[in-house]
Amino acid sequence: MVQGTIIKGIAGFYYVEANQTIYECKARGIFRKDNIIPLIGDNVLITLMPEENSNDKYQAAVIEEILDRKNSLIRPPVSNVDQAIVVFSVTYPELHLDLLDRFLIMIEKENIIPYIVLNKIDAGNEQNYRYVIDRYTKIGYDVICLSAKKEINIEKLKEKLKDKTTVFAGPSGVGKSTLLNTIEKGLGLETGAVSDKIKRGKHTTRHVELIPLSMGGFVLDTPGFTSLQLEGVEKDDLKYYFKEFKEFEGQCKFNGCSHTHEPGCAVKKALGEGLIFEERYANYIAYYNQLQDVRRW
Ligand SMILES: Nc1nc2c(ncn2[C@@H]2O[C@H](COP(=O)(O)OP(=O)(O)O)[C@@H](O)[C@H]2O)c(=O)[nH]1
Ligand SMILES: [Mg+2]
Ligand SMILES: [Zn+2]
């Protein structure tokens, strides 16, 4: 048997990359019986079919076994993700820190390593976004400023992608596809001017597909989101997804402190001392209340 990775699924077929070759695979019936549905990103064992089952484009194979998943996301539906690149633009569309914080929560929840990319620095004024770099670096995130179009600082990002499975997330129009086209030459992903897309209402409903990188590893381009629900986040767990709270965890007066109203709260004390950013804390409270509301319904 050969080990490979499912990179896309179309009409009952799974396409598995193994040793630089893509195999067109059917899944064995046993998965359906066990209620396991193969996911893009799954590491699988396949057996190759005799030559007469193959077509011009692909060699035929059968997926025999799905290996244990490290993690899996619902949106986009993909497994075994190592890291996520959250892309924002320093010009248009505007930096939306509420959305950035929501992305970070969803990524932290799945134990995926996040990187923040600020794109279009060729067109922006550093004075306007310096605070974003400072704030998120201080919290402990890696912030990479680059220009996909002018190819500035691309290598800094590229070195993180080798041999990893990386999801690219971020709002529409920030330059995700442009960035991927720059990283993997000849990819030819569709890109568009922001205003044109909105005007024509162009919404390319793409299927989920892992793109193999020639240096090793996979990337996944996601369609842009303009809003993000904190799906599946438990109110009481929200605090664990705020990286800067971690060092104060366990120092509050009450066990299970929610850091919202309790006396003797170490997080609120840190906030008062300027060790935690007010905007981040304000978002924590806002999301906490939203999650609480959902539960009461
Ligand atoms: N000035 C500038 N524009 C960029 C850069 N990267 C992408 N763009 C433009 O931003 C628009 C949206 O890019 P696209 O890659 O389609 O964004 P996506 O929706 O996130 O995939 C296009 O008009 C790109 O040419 C950059 O580094 N600098
Ligand atoms: Mg795109
Ligand atoms: Zn507390």
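How many of the eight residues of α5 are buried? In the predicted model examined here, seven of them are, so helix α5 is largely enclosed by the rest of the structure. The buried positions of α5 are K176, S177, L179, L180, N181, T182 and I183. These buried residues pack against strands β8 (83–89), β9 (113–119), β11 (165–169) and β13 (218–221), as well as against helix α4.

Two packed helices are described by the angle between their axes and the distance between the axes. Helix α4 comprises residues 154–161 and helix α5 residues 176–183; their axes come within 11 Å and cross at roughly 80 degrees. Because angles of 65 to 115 degrees count as roughly perpendicular, α4 is described as roughly perpendicular to α5. On the α4 side, the contact is made by I154, L157, K158 and L161, while α5 contributes L179, T182 and I183. By class, five nonpolar residues, one polar residue and one charged residue form this contact of α4 with α5. The three contributors from α5, namely L179, T182 and I183, are also listed among the buried residues of that helix.

At the level of the whole chain, the protein contains eight helices and 13 strands. The C-alpha trace spans about 70 × 45 × 35 Å along its principal axes. Of the 297 residues, 48% count as buried. Among contacts in the protein with a separation of 6 or more, 66% are accounted for by residues 24 or more positions apart.

Ideal angles at a metal are 109.5 degrees for four tetrahedral donors. Residue C257 is buried, with a relative accessible area of 3%, and H259 is buried, with a relative accessible area of 0%. Both classifications hold because buried means under 20% relative accessible area.

Notes
Residues numbered from 1 in each chain as written. Chains lettered and ligands numbered in written order. Predicted model: local features only at pLDDT ≥ 70, side-chain atom pairs only at ≥ 80, totals over all residues. Heavy atoms only, no water. Axes fitted to C-alpha atoms, helices over the stretch in contact; angles between N-to-C directions. Helix = DSSP H or I, 4+ residues; strand = E, 2+ residues; numbered from the N terminus. Parallel < 35°, antiparallel > 145°, perpendicular 65-115°, else oblique. Contact = heavy atoms within 4.5 Å. Nonpolar A, V, L, I, M, F, W, Y, C, P; charged D, E, K, R; others polar. Buried < 20%, exposed > 50% of the residue type's maximum accessible area, 1.4 Å probe, protein only.
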